[in-house]
Structure formats: structure tokens, C-alpha cells
Amino acid sequence: MTADDLLSRLAAAMGPRGLAVGAAIPARNAADAAGYPPRSPRAVAMPETTAEVAAVLRLCHAAGQPVVVQGGLTGLAGGAVPRPGEIALSLERLRGVEEVDTASATLTARAGTPLAEVQAAAEAAGLVCGIDLGARGSCTIGGNVATNAGGNQVVRYGMARRNVLGLEVVQPDGTVVTGLNKMMKNNAGYDWTQLYIGSEGTLGVITRVVLALHPRPRAVQTALCAVADTAGALALLSRLADRFGADLLVFEAMWREFLAVAVSRLERSPPFAAIPEVVVLVEVAMGGSADPAGDFAEALGGLMGEGLIADALLARSGADRARLWSYRESPYDYARLGLPAINFDVSVPRAGMAAAVAELRAAAQAGWPRSLTAMFGHLADSNLHVVVLQDPADGADAGAVEAAVYALVARHGGSISAEHGIGVIKRPWLALSRSAAELALMRRLKAALDPGDILNPGRVLG
Ligand SMILES: Cc1cc2nc3c(=O)[nH]c(=O)nc-3n(C[C@H](O)[C@H](O)[C@H](O)COP(=O)(O)OP(=O)(O)OC[C@H]3O[C@@H](n4cnc5c(N)ncnc54)[C@H](O)[C@@H]3O)c2cc1C
């Protein structure tokens, strides 16, 4: 099949709106949110049905044509950025919530449905979707599952994996595998769906997703708590988990350098008289209480009495809550600072977190002392985000900063990617978090499921 033959067969399989070539290729299909250099694909296929996804893959498989899968393009690992000669398979037209089954507490959606649309459909039925993240307006549920995404409420609902009950997947040769399971219990053979969750588009294309929904949390209370140090934040976490159990919805830690950037450079008002070593944003559902705000304040007061909390701000209104969240969301404004940023989403076992934070500070002081090294993260999930806002006067190249941070993470038995995935950006560092035997198993799985290596080649594995 010649290149032109392939394009005309793809166009025939999807109709005139299904294929963009040449000048008609939208600029958005050249990049994701990782800041990796953009590259226009050879063509963009935009199938509207699972059958059309299957037809695209069948044709590309027969032609040996490499394909890059694209959802909402909010990924932070460069995995959806086209490599030379690739055709982009965009899920943007495979969109819509197909069903909310309130009796089963499940939702079935097409892969290209934006997460915010999935959340709204769940809420309209009086339930909630357990997946939430800052990119909710643009990211797709298929992309969330493909990256095993997890955001601010993982402490309550787990990562995407824990919320997925069933999937429909198209294999690289065009074979459709449908397993739209709605049950919590189903041990009939291998749960093959697990393989595709977090596979970053390297094993198959996710076309439909069944999610478990959850009861809506009621009377949610929000507070910003100042604590003495990292060990103190972990002690607070264990007390809150013990007291509130599954009602603890959010536990987001921010260290002093992070708050200093928010206050001195990004116009956030100082939350406390002096910047504490660590602040934690806490949300708890107090639906079982007759006086939710009062009981929450009393609980925090008790923890203050024990010395676990040094000071606290409680949200009394929606505006208060937005103000408390604005500290945690300040990294969305980092681009305004005009400094080159190196972003890390690492994880370290909680027992080693205090030492890792101290060692990160020491590494920054020794290697890039003028740059701003801000640390924040989903502490309950062992997930630490580190952003190095580089001062050119340091002369530290990004590779040297990455080598120092990843070596430290590996020493602590941590992971180079807690949530954003490997894509292409973290591929060179994968062996720091996975053994040779694990990498060999991953390669065998890839070779078995995509023997022609046409799907997202060069992502995750080299
Ligand atoms: C402001 C902001 C906040 C974020 N916060 C978080 C966070 O808290 N937690 C978190 O985990 N991530 C976060 N992210 C990263 C990103 O939003 C997630 O990785 C998201 O799940 C990607 O979804 P997407 O639809 O945009 O996928 P894309 O960026 O389009 O693709 C991501 C990867 O998945 C593959 N892929 C996409 N769709 C499919 C499919 N249907 N089938 C197979 N493979 C597919 C792509 O090939 C690529 O490798 C954030 C990003 C931004 C910009």
C-alpha cells in the first residue's frame, strides 16, 4: 500500500470529517502540555465510532504505519506528541456519556469524553466520579485511564485504576475487545483490563470506559493547617485518617519555598503571619454531623492542643475555600514568571519523605542555589511534586538537575513518575524505578500485543 493509498483508504473508512491532512491539520495535534518540541503528524484520523477506530488501526497495521494516540493533549510526559512520520489517532469525536446506571452506580463513557463532562453526568445522577484533576476541562476519560491518572482526591478514591470496572479496547491490528463489566466482583479469568490502565497508549486504544461511581460527600469542610515539619505533616495525616477514615477527601502538602513563591511572586496573600515550614490543605466530608463546621473546628482544635497543628485557617464560605485552594493551584501561574521550569512528579515511601525533602534542599543548595525549588504534593499518596524554576546564573543544565533528583528518588526506593507517566520525557530514567526483570516483562507484553510496534512506538520503553 503506498502512502497515498493509505490516506485515501483512511478517508474512505471515516468520511470527509474523519481525516485531516496537509494545511488542514490543526496546530493542537502537534503537542501536549509537556512543553516538548511540537511536531505536526502526517495526518490526523478522527474516528467517531469504535468500528472506525478499528478500521484505522487495521489499515495502519497492514501498512506498517506508526500511530500516535491523542486524547485531550494535557499529558505531561510528551507521549502524545507525534514522532516523525506518525499518523495521529485523535479520540476527540468519540465523545459522550452513554449511560449512568444508578442501580449499579456505574457510568459508561466514550474515551474522548472530557473528564468534566463525565463528572457532571455523575453529579446530575446524585453521585460522584472518583477521578479529578486540574486539567478536568480538557483531559479525556480515555487519556485518564491510559495514564492511570490521579489527582487531589486519591487519598479517598484511589488512582484511575481503582475507579475502572470495565473497558473496551481496540488492539493494534484492529481487533475490538469489549469488556464493559459493571460489577465490583468478577474473577472469571484474567482481568485483562488492568494491563491497559496506565499503558500510555502503547498496547491498545481505549474506546469505552465503565467507571464505578461513589456516594456524594456531604458538608465538605476545608482548612489550611500550618505544621512544624514533614514528620509533623505525616503525623497529622495519620491522626486525620484514624479519626475521619474514608471521609478524609484531600491532604495536600506545600513546603515553605512553594508558599514563598506563591506569596512573593504570584500575589497570593500571606496565609499566616510567618511562612510555616509546611502547610497542609485538608478537606473532610462531615455529612454525619449535626454541626459540620463546629465539629470540624473542634477536631482541629484538639489537634492544635496536641501540638500537631500550629495554626489553621478554616473556610466559612465558597470564596474562602477558593482562596485556600488558590495556594495549591499557584503552580498553574508559574508560566507567568518567565523562568525555564523543570517539573518532577516523583514518589517516595512516606517513611523516607522527611529525609528526601531535606536531601532535595541540600542538592538544590549545592547544584542550583539561585533557582527556586518549590515542593508540594499529594503527601498521603507518597507523591511529591518538585518544580525547579531555573535562574540562568546557576548554569545548571536540565539533565544535571534531573540526574540529581532521580538518583535521590532511586536511593529512597521511590518512583520517577508517581502519576504523569513515562512518555518520552522520562524514558531515559525508567531503569531507576524498574528492575531488569520488570523491564523485560514489559517488553514481552509490548511485543505480544503490538508485534508490529505501530502503536505509540518509542514511548515508555526505548
Ligand atoms: C493543569 C494540569 C493538571 C494536571 N493534573 C494532573 C493530576 O493531578 N494527576 C495526574 O495524574 N495528571 C495530571 N495532569 C496530566 C494529564 O492531565 C493527565 O495525564 C491526563 O490523564 C491526560 O489525559 P489526556 O486526555 O489529555 O491525554 P493525552 O495527553 O492526549 O495523552 C496522554 C497519553 O495517553 C495516551 N492516550 C490518550 N488517550 C488514549 C486512549 N483513548 N487510548 C489509549 N491511549 C491514550 C496518549 O497516547 C499519551 O501517551 C495534569 C495536566 C495539566 C495540564
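Biologist: In which sense do β16 and strand β17 pair, and over how many bridges?

Modeller: The model considered here is a predicted one. As a general idea, the strands of a sheet pair through backbone hydrogen bonds, and the pairing is either parallel or antiparallel. In this structure, β16 and β17 (residues 383-389) pair in the antiparallel sense, and five bridges are found between them. One place to look is T373, which stands opposite V388 in β17.

Biologist: What is the order of the strands in the open sheet of seven strands?

Modeller: The order is β14-β11-β13-β12-β16-β17-β15, and the pairing is antiparallel. At the edges stand β14 (311-314) and β15 (341-347), each of which pairs on one side only. From one strand to the next, the twist averages 15°.

Biologist: Which strands of this sheet does α9 touch, and what angle does its direction make with that of β16?

Modeller: Helix α9 packs on the sheet and touches β12, β13 and β16; its direction makes about 110° with that of β16.

Biologist: Which residues of helix α9 are buried?

Modeller: An α-helix has 3.6 residues a turn, so residues three or four places apart point the same way. In α9 (residues 256-265), the buried residues are E257, F258, L259, V261 and A262. These buried residues pack against β12 (248-255), β13 (278-285) and β16 (372-377), and also against helix α11 (318-328).

Biologist: Which residue follows α9, and what is its phi?

Modeller: After α9 comes E267, whose phi is positive, near 55°. Two further cases deserve attention. A219 has a positive phi near 50°, and its place is the loop between β10 and β11 (220-227). D453 also has a positive phi, near 50°, and belongs to the segment after α14 (436-449).

Biologist: Why does A219 count as partly exposed?

Modeller: The reasoning rests on a count of neighbours: a residue is buried with 20 or more other C-beta atoms within 10 Å, exposed with 12 or fewer, and partly exposed in between. A219 has 17 other C-beta atoms within 10 Å, so A219 is partly exposed. D453 is likewise partly exposed, because D453 has 15 C-beta neighbours inside 10 Å.

Biologist: Is D32 buried or exposed?

Modeller: D32 is buried, because 23 other C-beta atoms lie within 10 Å. Its place is the loop between β1 and β2. Leaving aside neighbours within four places in sequence, the contacts of D32 are L73, T74, G75, G78, A80 and V81. D32 and V81 are 49 residues apart in sequence, yet their C-alpha atoms are 6.0 Å apart in space.

Biologist: What is the order of the open sheet of four strands?

Modeller: The order is β1-β2-β4-β3, with mixed pairing. The edge positions belong to β1 (19-21) and β3 (67-70); each has a single partner strand, so one side of each is left without a neighbour in the sheet. The twist averages 20° from one strand to the next. Helix α1 (residues 3-14) lies across β1 and β2 (43-45) and runs at about 145° to β1.

Biologist: How many bridges join β3 to strand β4?

Modeller: Four bridges join β3 to β4 (residues 87-90), and the two strands run parallel. V67 has I87 as its bridge partner in β4, and V68 stands opposite A88. Side-chain directions complete the picture of β3: V67 and V69 point one way, V68 and Q70 point the other way, and all are buried.

Biologist: Which of the 37 residues around the ligand come nearest?

Modeller: The nearest are G71, G75, G79, G142 and G143. Elements giving two or more residues to this shell are β3, α4 (141-146) and β10 (205-215). The largest share, four residues, comes from α4. By kind, the shell divides into 15 nonpolar, 18 polar and four charged residues.

Biologist: How many helices and strands does the protein have?

Modeller: The secondary structure comes to 14 helices and 17 strands. Buried residues make up 47% of the 462 residues. The radius of gyration is 23 Å, which agrees with the value near 23 Å that a compact globule of 462 residues would have.

Definitions and conventions. Residues are numbered from 1 along each chain as its sequence is written. This is a predicted model: local features need pLDDT of at least 70, side-chain atom pairs count only at pLDDT 80 or more; totals for chains, interfaces and linings use all residues. Two strands pair if DSSP finds at least two bridges between them. Axes are lines fitted to C-alpha atoms, for helices over the stretch in contact, and angles run from 0 to 180 degrees between N-to-C directions. Two residues are in contact if their C-beta atoms, placed from the backbone, lie within 7 Å. A residue is near a molecule or strand if its C-beta atom, placed from the backbone, lies within 6 Å of it. Ala, Val, Leu, Ile, Met, Phe, Trp, Tyr, Cys and Pro count as nonpolar, Asp, Glu, Lys and Arg as charged, and the others, Gly among them, as polar. The radius of gyration is taken over C-alpha atoms; the globule rule is 2.2 Å times the number of residues to the power 0.38.
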